[in-house]
Amino acid sequence: MESRSTPGPANLRHHDAVIGCLRQAGFSVALTAHAYSILDAYIYGFALQEASLPFDTPEETAELATRHVLQPGYDYGDEYEFGLNLILDGLERAASAPGGSEP
């Protein structure tokens with residue numbers, strides 16, 4: 001989606017839809033800009049990281065991997081949901097703060 005040097009109609013519709021959702025949720029223009037930026041960076045960054053993780057086998061991982069990643073039931077995709085929930089909770093608090101939901 002972001003690989004083109006000029007955005008196409010689908011890209012523009014995506015941006016418009018996200019911005020519209022944030023504004024309809026009561027986010028101010030400034031908070032909408034912040035929210036869009038962090039969501040965009042997190043979503044695309046996570047996808048790029050997942051696609052290019054530098055290891056393929058347990059032998060290539062460090063202590064974090066053996067104590068967390070290699071535990072039964074671990075799914076790297078769950079890290080996405082955890083991080084996104086942190087971001088959304090923070091944005092909700094920001095929108096509820098004085099001035100956070102002003103036009």
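**Entry 1. Helix α2 against helix α4**

I listed the residues of α2 that meet α4: L31, A35, I38, L39, Y42, I43, F46, Q49 and E50 in α2 meet Y76, G77, E79, Y80, G83, L84, I87, L88, L91, A94 and A95 in α4. I took contact to mean heavy atoms within 4.5 Å. Helices (H or I, at least four residues) and strands (E, at least two) are DSSP runs, numbered from the N terminus.

The model is predicted, so I note that local features need pLDDT of at least 70 and side-chain atom pairs count only at pLDDT 80 or more, whereas totals for chains, interfaces and linings use all residues. Residues are numbered from 1 along each chain as its sequence is written, and side-chain values use heavy atoms, with hydrogens and water left out.

I then looked up the packing geometry: α2 and α4 pack at an angle of about 175 degrees, and their axes are 11 Å apart. That makes α2 roughly antiparallel to α4. For this I used axes that are lines fitted to C-alpha atoms, for helices over the stretch in contact, with angles from 0 to 180 degrees between N-to-C directions. Angles under 35 degrees count as roughly parallel, over 145 as roughly antiparallel, 65 to 115 as roughly perpendicular and the rest as oblique.

I checked two C-alpha separations. I43, in helix α2, has its C-alpha atom 8.3 Å from that of L84, and these residues are 41 apart along the chain.

**Entry 2. Accessibility**

I applied these classes: buried is under 20% relative accessible area, exposed over 50%, and partly exposed in between (1.4 Å probe, protein chains only). I43 has a relative accessible area of 36% and is therefore partly exposed. E92, at 51% relative accessibility, counts as exposed.

**Entry 3. Aromatic rings**

I searched the whole structure and recorded three aromatic pairs. Rings of Phe, Tyr and Trp (its six-membered ring) pair if their centres lie within 6.5 Å; planes under 30 degrees apart count as stacked, over 60 as edge-to-face and the rest as tilted.

Y42 and F46 both lie in helix α2, four residues apart, about one turn of the helix. Their ring centres are 6.1 Å apart with planes at 45 degrees, so this pair is tilted. Both Y42 and F46 are buried.

For Y42 and Y80, the ring centres are 5.4 Å apart and the planes stand at 20 degrees, so the pair is stacked. Because Y42 lies in helix α2 and Y80 in helix α4, the pair ties together parts that are 38 residues apart in sequence. Y42 counts as buried at 18% relative accessibility, whereas Y80 counts as partly exposed at 23%. I noted that ring pairs link Y42, F46 and Y80 into a cluster.

**Entry 4. Nonpolar core**

I defined a nonpolar core as a set of buried Ala, Val, Leu, Ile, Met, Phe, Trp, Tyr and Cys residues joined through side-chain atoms within 4.5 Å. The largest one has 13 residues, and F27 and L91 have the most contacts inside it. α2 (29-51) and α4 (76-96) each supply at least two residues of this core. Six residues, the largest share, come from α2.

**Entry 5. Whole protein**

I counted four helices and zero strands. Of the 103 residues, 21% count as buried.
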